[in-house]
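User: Could you take me through one part of this model in some detail? I would like to see how it is put together and what surrounds it.

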Amino acid sequence: MADKDALESRLEELEEELSRTKDNKATNKHLAALRSKVAQARRDIVKASRRVHGKGFFVKKSGDATVALVGFPSAGKSSLLNALTNSNSKTAPYAFTTTGIIPGTMVYRDAHIQVLDMPGLIENAHSGLGEGTSIVAQIRVSDLIVFVIDINNPPQLDMLLSELKSLNVYINKKKPEVQVREVDAYIGLRFEVNKSGLDEQDLRTIFTGFGTYNAVVRIWGKVDEDELISLLANRSCYINAIIALNKIDTVSDFETIAHEMERRYAMTVLPISALRKSTLEQLTRSIYANSGLIRVYLKPRTGKERSPVTAYAGFTVGELAKRFHTAVVDELKCAYVDGPSVKFSNQRVGVNHTLKDGDTVTFIKEK
Ligand SMILES: Nc1nc2c(ncn2[C@@H]2O[C@H](COP(=O)(O)OP(=O)(O)OP(=O)(O)O)[C@@H](O)[C@H]2O)c(=O)[nH]1
Ligand SMILES: [Mg+2]
């Protein structure tokens, strides 16, 4: 295949021809052919850039959390990235405009959230054929998926979900806890706890398939065969997702479609228009709330100044100290906390106390 520069200039020529060609009956067929050539040229560029960069186009994680925009070509992912962040990802009215993974940073409540614009190439990723494989690697390390769905085509979501499932990416599902303690003695397989919903015969087949013959096994949650296999193989990934239902400006009754989707998929649906910033407020809030971030305030023992910091849901006083106040960690005795996680103001709590969004914390060192 030709090198990337040559491919890019060919793409430019095709795009120019496309923009020059008027859209009418006589040119219909020619336009369709041109569009598919453009799409092919973009795929070729993606392939070429993969070769140049070796592993693909992996973007390093940065900021407090990483959010992946996932959707079909032309759903409006790049437009949304540009509206949410300081980035300037190319957008265009044809498919496969974005050929790499493009990062941007969204600042909300003092948190820096990395937003990744993905090329619209997810289909058939599991076969390892499309460029989807490297995209999926990036999705796996993200803290949240925002499915960008064109409101004119809600079934796009079915295809995205089934593709992710075949890649062992489980959406909005708690990771089932499976404990396997292998033992040297010939005890066979003992299923001490089995809440999987699978019978022991099936479980035996799966475990012996992994070479486990003598072990005490506890399965604490519901799980089907495929999921258990990917769990045991360490291939599964559990990630939360919300839906940005885009292009609401193109339909007359977006609310009905949004409610229907919410009901059908049991997921949070945010109706937006990536081209109108005023519609993005709720989505922004939802991204923050679902990426596992909280904001707490640090207050010194003396003085009233509170400084906001970004922490993670489930953080304890001890973990907060480790992250922001390494100096106090070793001598940390307790903390005074004010806010949603405590019953009364300035409550004294231990290092294992779990914080909530909006708490104010004062560390107390041992004397
Ligand atoms: N009317 C309308 N058009 C939109 C909206 N969001 C995006 N578009 C248009 O849809 C087309 C595709 O948008 P992109 O942002 O390039 O889509 P994408 O998902 O990044 O597409 P690929 O990079 O090809 O995967 C562009 O012409 C955008 O201007 C929207 O909310 N309303
Ligand atoms: Mg794009």
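How many bridges join strand 11 to strand 12, and do the two run parallel or antiparallel?

Analyst: Happy to. A word on conventions: this is a predicted model, in which local features need pLDDT of at least 70 and side-chain atom pairs count only at pLDDT 80 or more, while totals for chains, interfaces and linings use all residues. Residues are numbered from 1 along each chain as its sequence is written, and chains are lettered from A and ligands numbered from 1 in the order in which they are written.

Now to your strands. Strand 11 (residues 293-298) and strand 12 (residues 307-312) run antiparallel, joined by six bridges. Here strands are DSSP runs of E with at least two residues, helices are runs of H or I with at least four, and both are numbered from the N terminus; two strands pair if DSSP finds at least two bridges between them. Within this pair, Arg295 has Thr310 of strand 12 opposite it. Strand 11 also pairs with strand 15 (residues 360-365), in the parallel sense and over two bridges; there, Tyr297 has Thr360 as its bridge partner.

Strand 15 in turn is joined by six bridges to strand 13 (residues 332-338), and these two run antiparallel. Cys334 faces Ile364 of strand 15 across that pairing. Put together, the order is 12-11-15-13-14, an open sheet of five strands with mixed pairing. Strand 12 and strand 14 (347-349) are the edges, each with a single partner strand, so one side of each has no neighbour in the sheet. From one strand to the next the twist averages 40°, with axes fitted as lines to C-alpha atoms (for helices over the stretch in contact) and angles running from 0 to 180 degrees between N-to-C directions.

What about the surroundings? The largest nonpolar core has 60 residues, and Leu69, Val146, Phe147 and Ala244 have the most contacts inside it. Such a core is a set of buried Ala, Val, Leu, Ile, Met, Phe, Trp, Tyr and Cys residues joined through C-beta atoms within 7 Å. A residue is buried if 20 or more other C-beta atoms lie within 10 Å of its own, exposed if 12 or fewer, and partly exposed in between, with C-beta atoms placed from the backbone. Strand 4 (residues 144-150) gives the most to this core, six residues. Domain 2 (65-173 + 237-290) and domain 4 (293-365) both contribute residues, so the core lies between them; the domain bounds come from an automatic or database domain assignment. Setting aside neighbours within four places in sequence, Ala244 is in contact with Leu80, Val146, Phe147, Val148, Leu270, Ile272 and Leu283, a contact being two residues whose C-beta atoms, placed from the backbone, lie within 7 Å.

Helix 5 (residues 156-166) is also worth a look: its buried residues are Leu157, Leu160 and Leu164. Seen down the helix axis they fall within an arc of 65°, so they line one face; the arc is that of the directions from the axis to the C-beta atoms. Asp158 and Ser162, on the other side of helix 5, are exposed. The cover over the buried residues of helix 5 includes strand 1 (65-71), strand 4, strand 5 (169-171), strand 9 (237-246) and helix 8 (254-265). After helix 5 comes Asn168, with a positive phi near 65°.
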